Amino acid sequence: MFLLLLVLTTAVSLLPGVTAQFVRTLNTTRCPIKFYGTNYNTLFINITNGRAALCFKGQFVNGEPNDCLIVYRAEANRGNTGVNANSVTTSNSLFLENLPTLTGISTCFVRVRLRNNNNNNLIIIVFRQFGDQQAVRFNLEDTSNPVERAFTLLNGVEMDSFNLTGSTPFFEDLSGCRYKDVFYYPNTTTCDSQGNFIHCNATAHLDAIPQINDYCVQGAICTVTGSTIIDYSDNSTSVDDRCAYTLFSNSSVYVVGVFKERRRKDVMFLDRVVIELLEYDYVIQLGPGVKVLVNNTYVNVSSVVEEHEGLDLHQDQTGVTVTIYQSDYNITVFFNGDTAQILLTHPWMLAETEKNITENSDGLCVNSSVALSVMKSNDFSSAGCEMQYSEPADESINCTTVTEHCQVLNGYDFTDCHTVIDPKPYISACNYTLCHYPDVDGLRCEFLEAYAHACSLKQDHMLDDWRKDANCPAPQAFCNDTRCVDHEFCADGINGQINCFCRAIFASDFRSNDTLGDPAVCMNNTGSITLVGCLLEEKGFRYTDLHLNDDSCGGYRDMDHMVTFNFSNSNACGTVVTANDSVVVYKNSVTGLNTSEIVANFDEFHVNFSCYHNQPDVQSVRFRIKDNSVFQQVVSESWNYTLKMTVYEDDRHTQPVTLDTEIQLNQRVWVELMTEGLDDNLVYLVTNSCWATNSSLPNEGLRYDLISDGCPSPVEPSVNVMYNGVAVSNSFSFNMFYFTGGNYEVYLHCKVELCPNQSGDCQPSCGGAAKRRRRAARSEYVDESPALISMSWSN
């Protein structure tokens, strides 16, 4: 009686507000129940409102991990239990007939009856163990009200579900193996995530061999990132040309990596991966931009695994995965636009298995020390790809800082992976690339991501914390859904969007000649000019925003992303035609659309081209600052001082703008207002307002405010005011612009005054509505006539 009361009290405390109608703890030591591979000597039974929970780790509590059989049976609120261990062999035949996988003889059983208020049996549940196997039988005594649902829980997670209807007994196999609390179905042979060899045979007998002498291998992995190939033995080599090389091959599969340059001619990157399945006559190309071509046809790969003959295709936000099924092992190729990883796996991959696979395979992933020329793939290499280039070192690269960054892979965040995969070749690949190539295009995180993903493939363990510490975003396929052509590569543009940029070798002639395309083509009073689309992208222009003199004459972009503008006799497109000494001259311009109503913070595009029959001419218009500083002598009552305004290219005011300096529109400039001859113990300089006009007179023409009441004007978000009212000098910065609809003349005017610093209220307050207070009484040092200083710039 005390035991029953204790159990009831426990049940009530575990299930607040619910009173169990039947609670029983049954000792099954004489007939243990082997539930999904684990023997239990106690059965905890709880019947509450038509739900019977038969559990093995304790009374059922919703949401808590437990091993249970749950049966829903309307009207069930009572129970009856029993253990029969008297060498009972009856009913064995029914189990064996209905579950052919069972073997041997069962000599005992555990029985649980679910009953209603009238003490009538509703369902009988019988557990029988057959050696290492376990089975359960359900008998419905009252079929007028069928069971709603029955299912099993393993550690609180639903495993198997079944419906019980009719009067026919229902049998369920609950066999399996467990090792270190992980469940394995019968007929399973594998290696777990810690490298332990697991074998659960057909009769649910477990053989487990702990990790000893690399007995289990969690897959052999090869990583290709940047220009570096890290083979299955963690050795590496780097590619220094633009050819294609065999990464892995055997009698039926051929995996090739194609390398190309990006912003520099002398640094290569993996551009795409080609997979040939000789048996099925497939040629699959991955990239650039993680595009998938199957036999030269683009296919849309979804997040749902697509099954094809001999392979599966899968794509998510991190990249594309191709799994190729071989007779004795599988090949998985992952590509995210930057990095490729080729994983070899076997149902139970032992060290000897990996050795056999690699001995019968070839490629740089198998042995990276082989000469590159031996592994060159002529089928996928372009003509002249062996040519190598050199360029001056990039002085912006600090290799010491790069090395410190790459050493993050040796840090605490990656400790869990160090015993699984060696970080040294990944650190070397990181150093090799980032010491020769600028830190752009996401390269800062590429090598860290490659190592983390290799680790996840080897041990099925995702590392996440490192991204926050390394300031790296979540993994995402590089330039996903952006399609670039062969002479382009994909990267982040100046507008924050993904764009296609020119590869360095392709663009070198255009850049050396300071042109954006080919010379104009002129024939029979017609003309055309072709511009390079990726050069336009680098300048921040969309080809759809450009047109000829007649804005209805836009450009046509072909499959190679070359943009052509045409005019002819039938459609002059604003072309000006003149004749001089029997020479017919055609003149037109490619210009950019200007959609701003007052000011434009974007470069103006203007390319003139002329046709002198077969003598084309392409010119570009550039903008320069006309005046970079203004001096004005101010005489004000009792003292003299000099006010100077200077424009700089940098925030440290070390690079003053001269007449020869080219300032691009939307480029940030810094303006310093400095005085000489003032005593900063007595007065401070306050810039009250600065504004731009298209007239040399400060109060005529169009006006655009930059500073108002000593604070940045709300109409121009790029303005930043510094040190205003705290010294005898101050400065501000803004992004260069021009007035639309005029002659591009822009004049800058600033109004300043002197403020006695003893007042304590010289500094404007820009954080709220309150502004600097005006003093009622004027000090002898107050400037009676505030200075007005102007400057101008134009094209």
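This is a predicted model: local features need pLDDT of at least 70, side-chain atom pairs count only at pLDDT 80 or more; totals for chains, interfaces and linings use all residues.
Local features need pLDDT of at least 70, side-chain atom pairs count only at pLDDT 80 or more, and totals for chains, interfaces and linings use all residues. Residues are numbered from 1 along each chain as its sequence is written, and side-chain values use heavy atoms, with hydrogens and water left out.

User: How many of the 7 residues of strand β4 are buried?

Analyst: Strands here are DSSP runs of E with at least two residues, numbered from the N terminus, whereas helices are runs of H or I with at least four. A residue is buried under 20% relative accessible area, exposed over 50%, and partly exposed in between, using a 1.4 Å probe and protein chains only. Strand β4 covers residues 42-48 and is largely enclosed by the rest of the structure, because the number of its buried residues is 6 of the 7.

User: Which residue of β4 is the bridge partner of R24?

Analyst: Two strands pair if DSSP finds at least two bridges between them. Strand β1 (residues 22-27) and β4 run antiparallel and are joined by 6 bridges. Within β4, the bridge partner of R24 is I45.

User: Which residue in the hairpin of β4 and β5 takes a positive phi?

Analyst: β4 also pairs with strand β5 (residues 51-55) in the antiparallel sense, over 5 bridges. In this pairing, N46 stands opposite A53. The hairpin has 2 residues between the strands, and the residue with a positive phi near 50° is N49.

User: How many residues apart in sequence are the parts that D67 and R178 tie together?

Analyst: A salt bridge is a side-chain nitrogen of Lys or Arg within 4 Å of a carboxyl oxygen of Asp or Glu. D67 forms one with R178, and their closest N and O atoms are 2.7 Å apart. D67 lies in the loop between β5 and β6 (68-72) and R178 in strand β14 (residues 177-179), so the pair ties together parts whose separation in sequence is 111 residues.

User: Is D67 buried or exposed?

Analyst: D67 belongs to a network of salt bridges with K57 and R178. R178 counts as buried at 12% relative accessibility. D67 has a relative accessible area of 0% and is therefore buried.

User: Is K424 buried or exposed?

Analyst: K424 forms a salt bridge with D422, with the closest N and O atoms 3.8 Å apart. D422 is partly exposed, at a relative accessible area of 25%. K424 has 56% relative accessibility and therefore counts as exposed.
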